[in-house]
Amino acid sequence: MEVGAEGFARCLPHLRRRILRAAFVALDMEFTGLHSTSLQNNEPSLFDSPAERYMKARQSVQRFTLVQLGKCCSDGKYVVHSYNFFLFPSTLGMRDVEFTLSASSIQFLSHYGFDYNKFLKDGIPYMNEVQEKILRQHLLAGTWKVCSSNNADRDVLKKAIDEVTSWIVAAKEEDTMILQDLNGYHMLEIQLVLRQALENVWTEPLGDKKVMVKKVSPEHRQLLENSPYDYCQKKLILLSARGFTSLFQILVKAKKPLVGHNMLMDLMHLHDKFYRPLPESYEEFKRNIHNLFPVIIDTKTVTKFVRKKCLFPQVSSLLEAYTVLCSSNLNPKGPPCPVIALASGCSRYAEKKCPHEAGYDAFLCGSVLLMSAHLLLCKSTDGAVEADPSFSQYLTVLAEHVNKVNFIRGGVSSINFSGEDAPCHHPPALVVHVRGWPGLTEREIYQEFKALCRFDVRRLSKNQFILLSNKYKHVRLVLRDYRHHPHLQVSVYRHWRHSPSVNCLLQ
């Protein structure tokens, strides 16, 4: 089910009920970019500690924004309700929001049919706590403003202002006119702009698509502004500007298990866009997320474990994992997984694959979780599983994976949001000693080995470099092929032998 700004307020009570009844909530997000290439040394590296990776990702999250968020709720009987939300930063406030577009990300989403008109014209506004506090202060002081129109073309606002200013010249007090064919947040923004620009007008909404404009005296206007029936009360303006953040707050209060796939960036954007700006401290970020969502399950972490336990092929995407779990006979003896049924309003996903549409990927994520958990439950009980296991039984077999979010190419295999991060067991590091090849850079070393295999490179000293790979075969290949190289001597890194700090002490 697709939800934009026009219908969001109407859907919010219904969405709240769905979350409160859900066994879990799966999320997926699409962004205007992932990793900023304009920042030096911002690419993810095997050398990264979790804190270093967090600082790199934090800079990217601050530059890019969300364009789409998918939410999938599954009740105890595994009837799935999947929603696709278009989002756009709130423009009610003193400071206009700026964000960056990555050409490759925009092209990628366009390839998969992303509708940028819906993002720009019908994106649901949102703001974090800091932005909301600033807007609240300006509303109380009467110094707020509309930075731009996020849910309406500027032409719509200009046309309405032109109509009213032309009409008001000849109008008498208590005369009225009607602005028609207004959609979504046009209704609020046009009223706010007209009231701010003209002190002798009053506005009231008439139904869904009309606004009545009345010419009044400044004294009458003041009386109307203090009326409890004013549709542009400060609390309603704030509610409108908050937009999707209201749903985020419902999700936080519900404390349902939160499910995602490779969800570190998703969690960082949730924190930054709807809660508070990302802190500098990695540990503080972990604590905040754990307080917001005490139970997090990353299906990437779960499927990596399933692959070790079952005859599960290597997969590179969420859709591939879903396809394998649906089609493969991974559990011939145990009872089949309970049927995951799409609710009537979401049946499109049963008929058509929509990869990289956030609502569809959230559905895949929830389905992969249930099928993986069922497989693990059957393995742990040797097939003695009742016909329709409860989600609490699935949570029991998933316990060791709870709050462990996959860490792509780094110093740990996963980030533990409820404890210490466990180190990753990589193949041994290699050290390259350069002879007779002066001025060699990290980039040139990387290019030298790139044709053979992939390594991350870091300079150790003037003529030494460390190589890291996550594949043992690549380490063996380089040690073999570079055994007699005239300029590059490659060996396994030994801290006591190669570390500059150890060598300094020994000297």
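Select Tyr 349 first: at 6% relative accessibility this residue counts as buried, where buried means under 20% relative accessible area, exposed over 50% and partly exposed in between, with a 1.4 Å probe and protein chains only. The model is predicted, so local features need pLDDT of at least 70 and side-chain atom pairs count only at pLDDT 80 or more, while totals for chains, interfaces and linings use all residues. Residues are numbered from 1 along each chain as its sequence is written, and side-chain values use heavy atoms, leaving out hydrogens and water.

Rings of Phe, Tyr and Trp (its six-membered ring) pair if their centres lie within 6.5 Å; planes under 30 degrees apart count as stacked, over 60 as edge-to-face and the rest as tilted. By this rule there are 25 aromatic pairs. Show Tyr 83 with Phe 85: the ring centres are 6.2 Å apart and the planes lie at 25°, so this pair is stacked. Tyr 83 is buried at 2% relative accessibility, and Phe 85 is buried at 0%.

Return to Tyr 349 and select Tyr 360 with it: with centres 5.2 Å apart and planes at 65°, the pair is edge-to-face. Tyr 360 is also buried, at 2% relative accessibility.

Now select Phe 8, Tyr 83, Phe 85, Tyr 126, Phe 244, Phe 248, Phe 274 and Phe 293, which ring pairs link into a cluster.

Finish with two charges over rings (NZ of Lys or CZ of Arg within 6 Å of the ring centre and within 35 degrees of the ring normal). The charged end of Arg 53 lies over the ring of Phe 407, 4.6 Å from its centre. At Trp 202, the charged end of Arg 195 sits over the ring, 3.7 Å from its centre.
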